[in-house]
Amino acid sequence: MSKSAWIMGGLVLLTLGVELASAQSQQGATGGIYTCVDRNGRRLTADRPIPECLDREQRELSPSGTTRRQIGPSLTELERAAQDAQNRKDAEERSRIVEERRRERVLVARYPDKPAHDVERTAAIQLVDDVTATAEKRIVELKAERKKLDVEMEFYQKDPNKAPMTLRRKIAEIDDSLAEQQRFIAGQDQEKRRVHQRFDAELAQLRKLWDPQRVSPAAAAKPSASAVPPASGAR
């Protein structure tokens, strides 16, 4: 190789070194190097986020070539809306589970066993029965009043239209009251069924909540191996 050719090669290498150092300096100043593989399989590199890779993951490299961070794909407005909706749905589900667990703790604290639940059921049914008994007593009173008015109406059997208006009005009012009390009693019968249904549903849930807390009497009474004293004479 001639001396001139050797000198020319050195100048080329020097120029490349200066350009590489300048590029690295600029990349360091901008914070790093971004790299990704686009949808066509090309590996791209730039000193800022790469527009061709907004739909896929990019990596930001430090000047030394190590991964500084990973940048997830940028979402479209529609994708962001869907993601926000999913996030809200997940948050609502977490809140629902937390509230459900809280209600379960309150339920178990209120009814630690079936006898406690039975006492509450009996009291609720008794309350409905008491209200029904009051209505039935009122029906008896109304029928007694109606009977008295029927005696007065006997004078007008041939022509009931000749009965005084006040008498006919009282009879109509009592009939309306009797019908109302009977509807009320029918409603209390439905209320009693609802009470039983509610307590039945609670009991089914409580059985599942009680089971993990129960320890079988045999297991509770059985002493552990370390608690059993050694037999006399054991060596």
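Angles over 145 degrees between helix axes, taken in their N-to-C directions, count as roughly antiparallel. The model discussed here is predicted.

Q: What makes α3 roughly antiparallel to α4?
A: Look at the crossing angle. The axes of α3 and α4 cross at roughly 170° and come within 9 Å. The cut-off is over 145 degrees. Therefore α3 counts as roughly antiparallel to α4.

Q: Which classes of residue make up the contact of α3 with α4?
A: That contact has 20 nonpolar, seven polar and 17 charged residues.

Q: Why is α2 called roughly perpendicular to α4?
A: Again, start from the angle. Helix α2 covers residues 77-110, and helix α4 covers residues 165-210. Their axes cross at roughly 95° and come within 10 Å. Angles of 65 to 115 degrees count as roughly perpendicular. So α2 is roughly perpendicular to α4.

Q: Which residues make the contact between α2 and α4?
A: From α2 come E104, L107 and V108. From α4 come E202, Q205, L206 and L209. By class, four are nonpolar, one is polar and two are charged.

Q: Why does T132 count as buried?
A: T132 lies in helix α3, residues 114-153. Its relative accessibility is 9%. Buried means under 20%. So T132 counts as buried.

Q: What is in contact with T132, leaving aside its neighbours within four places in sequence?
A: I185 and Q188 are in contact with T132.

Q: How do you know that the side chain of T132 makes a polar contact with the backbone oxygen of V128?
A: Check the distance. A polar atom of the T132 side chain lies 2.9 Å from that V128 oxygen. The limit for a polar contact is 3.5 Å. The pair falls within it.

Q: How do you know that C36 and C53 form a disulfide?
A: Their sulfur atoms are 1.9 Å apart. The cut-off is within 2.5 Å. The pair passes, and the count by this rule comes to one disulfide. A disulfide is a covalent bond between the sulfur atoms of two cysteines.

Q: Why is the disulfide of C36 and C53 called right-handed?
A: The torsion about its S-S bond is about 75°, so the disulfide is right-handed.

Q: What does the pair C36 and C53 tie together?
A: C36 lies in strand β1, residues 33-37. C53 lies in the loop between β2 (43-46) and β3 (58-61). So the pair ties together parts that are 17 residues apart in sequence.

Q: Are C36 and C53 buried or exposed?
A: C36 is buried, and C53 is buried too.

Key
Residues numbered from 1 in each chain as written. Predicted model: local features only at pLDDT ≥ 70, side-chain atom pairs only at ≥ 80, totals over all residues. Heavy atoms only, no water. Axes fitted to C-alpha atoms, helices over the stretch in contact; angles between N-to-C directions. Helix = DSSP H or I, 4+ residues; strand = E, 2+ residues; numbered from the N terminus. Parallel < 35°, antiparallel > 145°, perpendicular 65-115°, else oblique. Contact = heavy atoms within 4.5 Å. Nonpolar A, V, L, I, M, F, W, Y, C, P; charged D, E, K, R; others polar. Buried < 20%, exposed > 50% of the residue type's maximum accessible area, 1.4 Å probe, protein only. Polar contact = N/O pair within 3.5 Å; in protein donor to acceptor, adjacent residues only side chain to side chain.
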